[in-house]
There are 2 protein chains.
Amino acid sequence: MKNVKLIIEYDGTLYSGWQIQDNAITIQEVLENALNSITGEQIKVVGSSRTDSGVHARGYVCNFFTESKIPPDRFRDVINSKLPKDIVIIESEEVSLEFNSRFCSKGKTYSYTILNRMQRPAIGSNYVYHYRNSLNMEAIREAMSQFLGTHDFSAFKSTGGSAKTSIRTIKSFEVVKKDDYIIFYITGDGFLYNMVRIIMGTLIKVGRDKIDSCSIKDIILSKDRNMAGPCLPGTGLCLEKVYY
Amino acid sequence: MKNVKLIIEYDGTLYSGWQIQDNAITIQEVLENALNSITGEQIKVVGSSRTDSGVHARGYVCNFFTESKIPPDRFRDVINSKLPKDIVIIESEEVSLEFNSRFCSKGKTYSYTILNRMQRPAIGSNYVYHYRNSLNMEAIREAMSQFLGTHDFSAFKSTGGSAKTSIRTIKSFEVVKKDDYIIFYITGDGFLYNMVRIIMGTLIKVGRDKIDSCSIKDIILSKDRNMAGPCLPGTGLCLEKVYY
């Protein structure tokens, strides 16, 4: 028995997220179907996180157990030959039997991309959140710094997640501007359900002076979801990397 | 009678390029249909260049004459309401009756994006040219510098273009690397048919040490298309800006 770890890139546009569910196509299902047809086994893949509908990944990590004789580093090319064009295995390797992509994760980096201009996007519309109005970037940067550190992020999660605690540590939070694109990179030990998208919705309100940039700490302390901003669409979100 | 100039962004994936042709959908046709339904006129749009099938644009420029009472700067929003999601007007403005987007152009900037890694792209596959093998970037940079200046670029054009002369001036040629993406920006007073894509195909050969980086000047002087590299696919190409 071998434990094989995969790093995956996928375009989430046509999928209902990572996790298998009834009546909807998911990344996990497509991947398991490919693995089953290759190995003849009934493989269950362990994913590092549930990504939502329309969310993308450049460095998703998962693992699975197999009795297959295929060398673990060869799995990459064999699986890729069975996958649709919007999912690709970047790397496959054998890991210890104890490795679990979800529970062993030490952290993740997500990016969130905003196209900030009057006109809707024609190029890459599935990879951005389009926001028309001008944003006060100075206020946004000031607000971003207050997310850093260890906090109870109850105010920044949607109901329905399975996490036992709402305490998380944000290790870094950066923003890059390129023409009309604003790209945020946030790294933490883990993220609650919809947490990145609600943080982004809160930053938009800060950028419109609807929430004071200094009040982020108060919103965190309130643990009140109603104090934070809206949950932005999944299109702008991309899981960049999972750390072990 | 007014002359209206448009700046357009489009995703060329589903189109057979800019220029109207039989039995294929083009950007020009979709735009003219929108204009005709708005104005009730039979408008012919003058485009700044023919882009090929699958090629994209962030700053395509065109112009058209109209008797419409719609204020020229309002055309943007009115046309956008009639366009599909992969074409968008960024700007509309009135220009002098002498303005011709093709003949008044003083230069253009194109970008060409290569995804340089073993695995095919899953995200944004319509916006890159995928190249598997490693590239000698030092040799590529050395070769790029030799394209600068005024030359007869006959060796770097496909047959079928309508240009009267093959002499063009390359004003700048830069490259940016971001993770596995290599993005080239080339600015010139004009480009021959397939010229950017053939220059890129030549640079790939330089990067694989199949063409010596110092021999670009000789290839230019030869005026022989067979000396240059292949014409790379249109997916990686994007018309960034047209100068007047």
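1. Helix 4 of chain A covers residues 195-207. Its 13 residues should span 18 Å at 1.5 Å a residue, and the end C-alpha atoms lie 18 Å apart, which agrees. The expected span is 1.5 Å times one less than the number of residues. Helices are DSSP runs (H or I, at least four residues), numbered from the N terminus. The model is predicted: local features need pLDDT of at least 70, side-chain atom pairs count only at pLDDT 80 or more, and totals for chains, interfaces and linings use all residues. Residues are numbered from 1 along each chain as its sequence is written, and chains are lettered from A in the order in which they are written.

2. Of the 13 residues in helix 4 of chain A, 12 are buried, so the helix is largely enclosed by the rest of the structure. Buried means under 20% relative accessible area, exposed over 50%, partly exposed in between (1.4 Å probe, protein chains only). Among the buried residues are Met195(A), Arg197(A), Leu203(A) and Gly207(A).

3. Asp209(A) follows helix 4 of chain A and has a positive phi, near 60°. This residue sits in the loop between helix 4 and helix 5 (216-222) of chain A. Asp209(A) is exposed, at 57% relative accessible area.

4. Helix 1 of chain B runs over residues 27-39. Its 13 residues should span 18 Å, and its end C-alpha atoms are 18 Å apart, which agrees. Here 10 of the 13 residues are buried, so helix 1 of chain B is largely enclosed by the rest of the structure. The buried set includes Ile27(B), Glu32(B), Asn36(B) and Thr39(B).

Definitions and conventions
Heavy atoms only, no water. Helix = DSSP H or I, 4+ residues; strand = E, 2+ residues; numbered from the N terminus.
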